Amino acid sequence: GNQYEDAEEGIPYIKVADMNLPENKKEITTSSRFASIDNNGMIPVSSIIFPKRGGAILTNKKRIVLKTPIFIDSNTMAMTMILPEILLFLKCWFDSINLGDLYTGTAIPQINNKDIYPMLVPLPPLAEQQRIVEKIDQAFSVLDAIDTLQAQYADNLTTLKAKLIDAAIQGKLTEQLPEDGTAEELYEKIQTEKQALIKAGKIKKEKPLPEITADEILFDIPKNWKWIRWGDVVNIVSARRVHKADWRESGVPFYRAREIAKLAEEGFVQNDLFISEELFSEFSKTGVPQENDLMVTAVGTLGKTYVVNANDRFYYKDASVLCFENFGGINPYYLVFVMKSDMMRKQIESNSGGTTVDTLTMVRMIRYLLPLPPLAEQKRIAQKIDELMPLFEK
């Protein structure tokens, strides 16, 4: 701390009480006193300030990286970096230290520079320091987002989960990496594949989907993502009609919306309806669900989504269930979470003035919007949601 002379304005003169910040990386913006620039002992920006006396030394919430020069009082200490480039890494390390371990035998906790100097610091190369700081910032950004969501929706677990998914599909829970490429590149690749399948007669040629207008955009997404319509990246089809007379007690499983919903929620179902092997073989000529396709309930509770596994062999009821043929190789679990999002619920409800429509049709579904990240980012998003969901259950 230093002696100072009061001034009406100038360099802030900071006490421990001025360091009560909601986040310890924010700049100090309040001060009850100022000092003129002519005073000695001004603390430069390449510094960390922290309490040196009292119970405040036991917490890292008052350890502040300076963004402007200041003066400090006698209860506050500063560490100034000889090399400014190491400041942010040293702050991360310093936040992990319990300064309470350094004082002994005094009624009021207190530390001095002689207590700090002998401390051992693990010092990586500068490039590694930067990577560590970036990773820590990303982790805390995710935790901050979760804290905000829990504070807003803690009394409603279903809504909380939907809001988590919405944050994830806005790119708020994962890192965007330049090496992933762009969603535009992925989109163009999928359109090339789509045209090849149309030419081969495996996908029916439809009218071009309308361009996405600015007023349709639902939220901001990272710059390497792309807003698209569902019909741009999946081929949405329904089943051929299976008459009740063709139901069997054994054979190939035949799923209605209730069975698909059960599979979506629990991963298994005790099925009591089947069709014959002969009928399934006939249907196979025009297409049956394949691995990584999505089966979506189109009646009842709409949008329940099941990812077809490699060993699955079944058929499904027309109009009750839609099949999203995933010809573009989109990560199916990312698409499942999009279907679970509050964003999708609002789009579905918008068709009926605020109440859920009674059916989900192909015509409606192909026009709904979804944010498309690069492929590797899709996988990270699905993994991140899977990691975080159990935390909410607890």
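The largest pocket has a volume of about 1,500 Å³. Of its 50 lining residues, Lys194, Ile203, Lys204, Val234 and Asn235 are the closest to the centre. The model is a predicted one. The second largest pocket has a volume of about 990 Å³.

**Largest pocket**
- Helix α5 (183-199) supplies the largest share of the lining, six residues.
- Elements that each give at least two lining residues include β8 (226-229), α6 (230-233) and β9 (235-237).
- β14 (315-316), β15 and α11 (362-365) also supply at least two residues each.
- The lining of the largest pocket has 24 nonpolar, eleven polar and 15 charged residues.

**Second largest pocket**
- This pocket is lined by 30 residues.
- Ile165, Lys304, Val336, Met339 and Lys340 lie nearest its centre.
- Helix α4 (157-168) gives the most to this lining, with six residues.
- At least two lining residues each come from α4, α7, β13, α9 (332-340), α10 (342-349) and α12 (375-393).
- By class, the lining of the second largest pocket has 14 nonpolar, eight polar and eight charged residues.

**Helix α7**
- α7 spans residues 257-266.
- Its buried residues are Ala257, Glu259, Ile260, Ala261 and Leu263.
- Strands covering these buried residues include β10 (252-255), β12 (294-297), β13 (305-307) and β15 (321-325).

Technical notes
Residues are numbered from 1 along each chain as its sequence is written. This is a predicted model: local features need pLDDT of at least 70, side-chain atom pairs count only at pLDDT 80 or more; totals for chains, interfaces and linings use all residues. Side-chain values use heavy atoms; hydrogens and water are left out. Buried means under 20% relative accessible area, exposed over 50%, partly exposed in between (1.4 Å probe, protein chains only). Helices (H or I, at least four residues) and strands (E, at least two) are DSSP runs, numbered from the N terminus. Contact means heavy atoms within 4.5 Å. On a 1 Å grid over the protein atoms alone, a cavity is a set of points where a 1.4 Å probe fits but cannot get out, and a pocket is an open set with protein on both sides within 12 Å along at least five of seven lines; lining residues have an atom within 4 Å of a point. Grid points are joined across faces, edges and corners, and a volume is the space filled by probe spheres set on the points. Ala, Val, Leu, Ile, Met, Phe, Trp, Tyr, Cys and Pro count as nonpolar, Asp, Glu, Lys and Arg as charged, and the others, Gly among them, as polar.
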